[in-house]
Amino acid sequence: MREKRLNQADLALWRAFTAEIRPLFGHQRPPAPPAPAAAPAPEPPAQLAIAPPPKPARPLPPPEIRVGEVPGGLDRKRWAALRRGDMRAERTLDLHGRRVAEAHLVFRAFLHRAAAEGIRTVTIVTGKGPQPEGGILQRELPHWLNDPELRPLVLGAAHPHPTNSGAVNLLLRRRRTNNLPPPKAPPNGRRR
């Protein structure tokens with residue numbers, strides 16, 4: 001059987017472990033290995049390069065919107081009302097009879113206008129199309145909702161009735177405005 005030799009790192013570890021142990025009578029510690037030759041010092045670089053400042057972190061896009069799935073950040077009561085069709089739509093867009101490219105442009109303009117006006121609920125009517133796969137507008141709507149330009153505007157999407165797959169209710173996100181004036185105090189000087 002051949003004797004296995006320890007490398008320098010293992011020997012250094014063993015020496016550190018056995019440093020506090022006193023050898024038995026008549027035995028000695030193994031001799032310390034010669035110190036490795038010092039590596040030549042690296043030459044300092046001629047000029048130190050300054051690292052560019054780190055780029056600011058990009059905000060994460062909102063999660064993907066799926067028709068009929070509960071979105072994060074929406075309470076159960078409001079989601080149930082949207083899903084059942086109890087939330088009355090403030091605006092409705094009917095895309096029947098439009099070609100896909102035209103419908104997409106009209107949909108984008110409609111959603112941007114509704115969000116700018118502070119509208120919270122809208123209904124998009126795509127039509128059911130030929131069954132069982134549905135119409136092209138019905139299949140394209142989820143892709144349009146997840147467009148990076150439109151996804152920040154929409155909070156949730158649901159069919160107003162389980163059997164009506166030709167319409168989708170959208171709950172739009174509230175508009176964030178930081179330039180609102182402070183609330184006015186009542187005439188008697190006390191706040192409520």
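Trainee: Which residues make the nonpolar surface patch?
Mentor: W14, F17 and I21 make it, and the patch covers about 360 Å². Patches are made of residues with over 30% relative accessible area and no salt bridge, with like charges joined within 9 Å and nonpolar side chains (Val, Leu, Ile, Met, Phe, Trp, Tyr) within 5 Å. Accessible areas come from the Shrake-Rupley method with a 1.4 Å probe, and for residues only the protein chains shown count as cover.

Trainee: Before I go on, what sort of model is this?
Mentor: This is a predicted model, where local features need pLDDT of at least 70, side-chain atom pairs count only at pLDDT 80 or more, and totals for chains, interfaces and linings use all residues. Residues are numbered from 1 along each chain as its sequence is written, and side-chain values use heavy atoms, with hydrogens and water left out.

Trainee: Back to W14. Where does W14 lie?
Mentor: W14 is in helix α1, residues 8–18. Helices (H or I, at least four residues) and strands (E, at least two) are DSSP runs, numbered from the N terminus.

Trainee: And how exposed is W14?
Mentor: W14 is partly exposed, because its relative accessible area is 47%. Buried means under 20% relative accessible area, exposed means over 50%, and partly exposed is in between (1.4 Å probe, protein chains only).

Trainee: How many helices and strands does the chain have?
Mentor: There are 4 helices and 4 strands. From the N terminus on, the order is α-α-β-α-β-α-β-β.

Trainee: What share of the chain is buried?
Mentor: Of its 192 residues, 27% count as buried. The chain exposes about 15700 Å², and carbon and sulfur atoms supply 57% of that.

Trainee: Which residues touch the most other members in the largest nonpolar core?
Mentor: F107, L111, V122, I124, L145, V154 and L170 do, in a core of 23 residues. A nonpolar core is a set of buried Ala, Val, Leu, Ile, Met, Phe, Trp, Tyr and Cys residues joined through side-chain atoms within 4.5 Å.

Trainee: Which elements supply at least two residues of this core?
Mentor: α3 (100–116), β2 (121–125), α4 (136–145), β3 (154–158) and β4 (167–172) each do. The largest share, 6 residues, comes from α3.

Trainee: What does L170 touch?
Mentor: Not counting residues up to four places away in sequence, L170 touches L82, F107, L111, R120, T121, V122, I124, L145, V154, G156 and A157. Contact means heavy atoms within 4.5 Å. There is also a second, separate core of 8 residues, with W79, M87, A158 and L171 among them.

Trainee: New topic. How many aromatic pairs are there?
Mentor: The structure holds 1 aromatic pair. The ring centres of F107 and W144 are 5.7 Å apart and the planes are at 35 degrees, so this pair is tilted. The pair links distant parts of the chain, with F107 in helix α3 and W144 in helix α4, 37 residues apart. Rings of Phe, Tyr and Trp (its six-membered ring) pair if their centres lie within 6.5 Å; planes under 30 degrees apart count as stacked, over 60 as edge-to-face and the rest as tilted.

Trainee: Are F107 and W144 buried or exposed?
Mentor: F107 and W144 are both buried.

Trainee: How many salt bridges does the structure hold?
Mentor: There are 4 salt bridges. A salt bridge is a side-chain nitrogen of Lys or Arg within 4 Å of a carboxyl oxygen of Asp or Glu. One of them joins R84 and D86, whose closest N and O atoms are 2.8 Å apart. Another joins R98 and E102, at 3.2 Å from N to O.

Trainee: Which salt bridge involves E149?
Mentor: E149 meets R108 at 3.0 Å, N to O. That pair links distant parts of the chain: E149 is in the loop between α4 and β3, R108 is in helix α3, and they are 41 residues apart. E149 counts as partly exposed because its relative accessibility is 35%, and R108 counts as partly exposed at 25%.

Trainee: Last one, L74. Where is the place of L74?
Mentor: L74 is in the loop between α1 and α2. L74 counts as buried because its relative accessibility is 12%. Leaving aside neighbours within four places in sequence, L74 is in contact with W79, L155 and L171. The C-alpha atoms of L74 and L155 are separated by 8.0 Å, and these residues are 81 apart along the chain.

Trainee: And G73, buried or exposed?
Mentor: G73 is exposed, because its relative accessible area is 80%.
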